[in-house]
Amino acid sequence: MPSYSTILFKPVSKSVKHGGLELLDEWDAGSSDWVWLNISGEADEFEKNLLGERFNVSHLAIQDAHRERHPPKIEFFDDQIFIILRDLLGEDENLQRGVSQLAMFLGTNFLVTRHLAVVPAIEPVYEAIQSEPAKLKGGPAHVVYLISRRIVDNYTPVVLELEERLADLEDLVFEQPGDDVIELITRYNRSLKRLRRHLVYQHDVMEQLCRPTVPLPIKLNAHEFNDVFENMERLASLCQLNQELAVDLLNTHFSLVSHRLNQVMRVLTITTVIFLPLALLAGIYGMNFQFIPELSWHYGYFGVLGTMVGIVVVLIAIFKRREWL
């Protein structure tokens with residue numbers, strides 16, 4: 001069952017009331033009064049009827065708002081704007097951050113926010129309005145800006161923190177390369193990819209509010225939403241740059257590992273080349289034939305050892321001259 005909290009603002013008397021659904025009975029939709037209704041929790045038929053009948057919300061928009069997962073979007077109706085945004089939640093053990101979906105129905109004299117789970121941006125804005133009611137003078141569109149601004153502010157430290165972590169990983173790639181480093185870089189790359197996807201979607205939403213291609217049904221302060229748009233654009237670009245850095249770090253790591261492997265293989269190959277003729281000599285003189293002329297030679301043993309030493313010295317000299325050692 002959903003829970004309802006309402007703020008009713010009357011510009012004429014400059015009064016602000018906080019309560020529940022009972023404040024909707026005091027709200028005169030034909031006057032300058034406006035209302036902010038915040039709905040959280042599982043949806044029910046009463047809520048659907050309330051949104052459709054009291055606020056004239058399209059049933060298709062209600063369906064989108066009640067979906068558990070829906071990409072950020074914006075849709076214009078005759079007398080209102082429907083917006084879906086995503087706010088960030090905490091980080092899990094896999095360095096991934098969840099998101100909480102927020103649907104907003106913005107009209108000339110009302111704002112309805114609807115979310116299934118907790119949206120971190122809502123509570124600070126609600127508290128700011130309680131402590132400073134003058135913020136309501138900007139109307140419901142200004143509250144949408146405050147919420148949107150809070151959402152982008154929640155993304156900012158996360159993106160900057162990932163940038164710092166990647167800088168630390170850049171040192172680890174050269175100092176302590178290993179599977180753990182690859183796993184961390186891959187996780188950060190995946191986190192940046194998800195963050196960028198969320199930001200790009202919402203960046204497009206804000207662009208349609210501050211730089212509309214069609215007339216808006218609601219009067220907005222384009223400068224406010226341009227501020228959110230530019231911040232989201234900057235964060236999306238930063239995510240892309242850091243994502244490219246993560247890919248470069250992976251490629252650098254693989255190149256270093258490949259180079260070290262080549263070094264090891266070169267040493268093993270040189271060792272094999274040196275011992276191959278020695279093994280050939282040992283194999284020849286280790287055969288059990290009755291007649292091998294050198295076996296009766298008094299200095300045969302020392303001659304073979306000397307030949308082996310000479311082969312080793314010559315091969316090492318050749319490798320050093322070609323800078324293989």
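1. Basis. The model is predicted: local features need pLDDT of at least 70 and side-chain atom pairs pLDDT 80 or more, while totals for chains, interfaces and linings use all residues. Residues are numbered from 1 along each chain as its sequence is written, and side-chain values use heavy atoms, with hydrogens and water left out.

2. Elements. The protein has eight helices and seven strands. These are DSSP runs, numbered from the N terminus: helices are H or I of at least four residues, strands are E of at least two.

3. Overall shape. The C-alpha trace spans about 125 × 35 × 35 Å along its principal axes.

4. Of the 325 residues, 40% count as buried (under 20% relative accessible area; exposed is over 50%, partly exposed in between; 1.4 Å probe, protein chains only). Take contacts (heavy atoms within 4.5 Å) between residues at least 6 apart in sequence: 66% join residues at least 24 apart.

5. Main core. The largest nonpolar core has 59 residues. Such a core is a set of buried Ala, Val, Leu, Ile, Met, Phe, Trp, Tyr and Cys residues joined through side-chain atoms within 4.5 Å. Trp 36, Ile 83, Val 143, Ile 147 and Met 206 touch the most other members. Elements giving two or more residues include strand E3 (34-40), strand E5 (80-91), helix H5 (140-175) and helix H7 (222-284). H5 supplies the largest share, 15 residues. In soluble globular proteins, nonpolar side chains tend to be buried together.

6. Ile 147. Leaving aside residues up to four places away in sequence, Ile 147 touches Trp 36, Leu 102, Met 104, Thr 113, Ala 121, Ile 122 and Val 125.

7. Another core, of 21 residues, lies apart from the largest one. Its members include Ile 39, Phe 55, Ala 103 and Phe 110.

8. Positive phi. Lys 14 is not a glycine, yet its phi is positive, about 55°. Lys 14 is in the loop between E1 and strand E2 (15-19) and is exposed, with a relative accessible area of 60%. Asn 56 also has a positive phi, near 55°. Asn 56 is in the loop between helix H2 (45-54) and helix H3 (59-66).
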